[in-house]
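Please look over the sequence and the structure shown below. A short report on the fold and on one residue comes after them.

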Amino acid sequence: MNAPELHHLLGAYVLGGLDPADSQRFEAHLESCADCRTELAELESLPALLDALPIPDAVALTGSGRPGLAPEPASSVPRAVLDELAARRRKLRRRWAALVGAVAAACLALGVAAGPLLSRPPAPDASYSVQSGNGLQFSIDLARKTWGTELAVNGSKLPLDGTLSLWIRDRDGGEDRACAWTATPSGKVKVTGATPLQLARIASLELRDETQQAVATITVP
């Protein structure tokens with residue numbers, strides 16, 4: 001390979017596109033060619049600049065965006081450099097597409113696995129239940145809030161008529177109605193109530209029927 005042919009390898013050498021044998025020959029040529037050394041020094045920053053060039057601009061520079069027409073020299077950059085640039089940008093696009101696909105698949109798998117966990121309600125701060133001899137079952141989950149206490153009521157075999165209500169008795173003997181609902185034909189209910197009393201202030205919970213008689217009572221320790 002003569003000197004002019006080696007000189008044409010400069011662009012590919014700058015971009016790291018030469019195989020080991022050609023790279024060694026070109027480096028040997030550099031020792032005796034001041035012109036190539038000077039041009040190489042001028043092109044040292046070219047790879048970083050070319051990697052930042054958008055793909056459409058790279059295609060336009062190579063002339064490949066005009067089928068059937070010979071490429072027109074759009075700059076003083078050697079054609080070998082432009083060809084290498086286009087190849088590198090295409091490779092970069094494929095790498096990004098693969099990476100995005102892998103990340104999306106990982107996120108999807110994580111979402112499927114974590115979905116049931118994320119959809120679970122937070123654990124209550126306290127839970128109490130009572131069961132009577134006639135089959136009545138009544139449970140309450142209590143959750144601390146800044147404004148007081150939230151109560152999740154779950155019951156079955158409850159009275160079938162009238163209005164039922166949940167009353168909260170505090171440790172000083174005061175009362176507060178947390179919620180009320182119309183009895184259901186099935187005797188089952190799930191409702192949410194609230195009281196301004198903090199959990200630590202609650203002494204007991206009492207389920208009352210239409211006549212305000214206690215149907216179930218839970219004492220809070």
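Predicted model: local features only at pLDDT ≥ 70, side-chain atom pairs only at ≥ 80, totals over all residues.

The protein has 221 residues, and 32% of them count as buried. Its secondary structure comes to seven helices and eight strands. The accessible surface is about 13800 Å², and carbon and sulfur atoms account for 56% of that surface. Among contacts in the protein with a separation of 6 or more, 50% are between residues 24 or more positions apart.

Four of the strands form an open sheet in the order S5-S4-S7-S8, and the pairing is antiparallel. Strand S5 (175-182) and strand S8 (214-219) are the edge strands, as each pairs on one side only. On average, neighbouring strands of this sheet are turned by 15° against each other, direction ignored. Strand S4 (residues 163-170) runs antiparallel to S5, and seven bridges join the two.

Thr195 is found in strand S6, which covers residues 189-195. Is Thr195 buried or exposed? Its relative accessibility is 1%, and buried means under 20%, so Thr195 counts as buried. Leaving aside neighbours within four places in sequence, Thr195 is in contact with Trp147, Gly148, Thr149, Leu151, Ile168, Asp176 and Ile202.

| Atoms of Thr195 | Partner | Distance |
|---|---|---|
| Side chain of Thr195 | Side chain of Asp176 (polar contact) | 2.9 Å |

Terms used. Residues numbered from 1 in each chain as written. Heavy atoms only, no water. Pairing = 2+ DSSP bridges. Axes fitted to C-alpha atoms, helices over the stretch in contact; angles between N-to-C directions. Buried < 20%, exposed > 50% of the residue type's maximum accessible area, 1.4 Å probe, protein only. Contact = heavy atoms within 4.5 Å. Areas by Shrake-Rupley, 256 points an atom, 1.4 Å probe, with all protein chains shown as cover. Polar contact = N/O pair within 3.5 Å; in protein donor to acceptor, adjacent residues only side chain to side chain.
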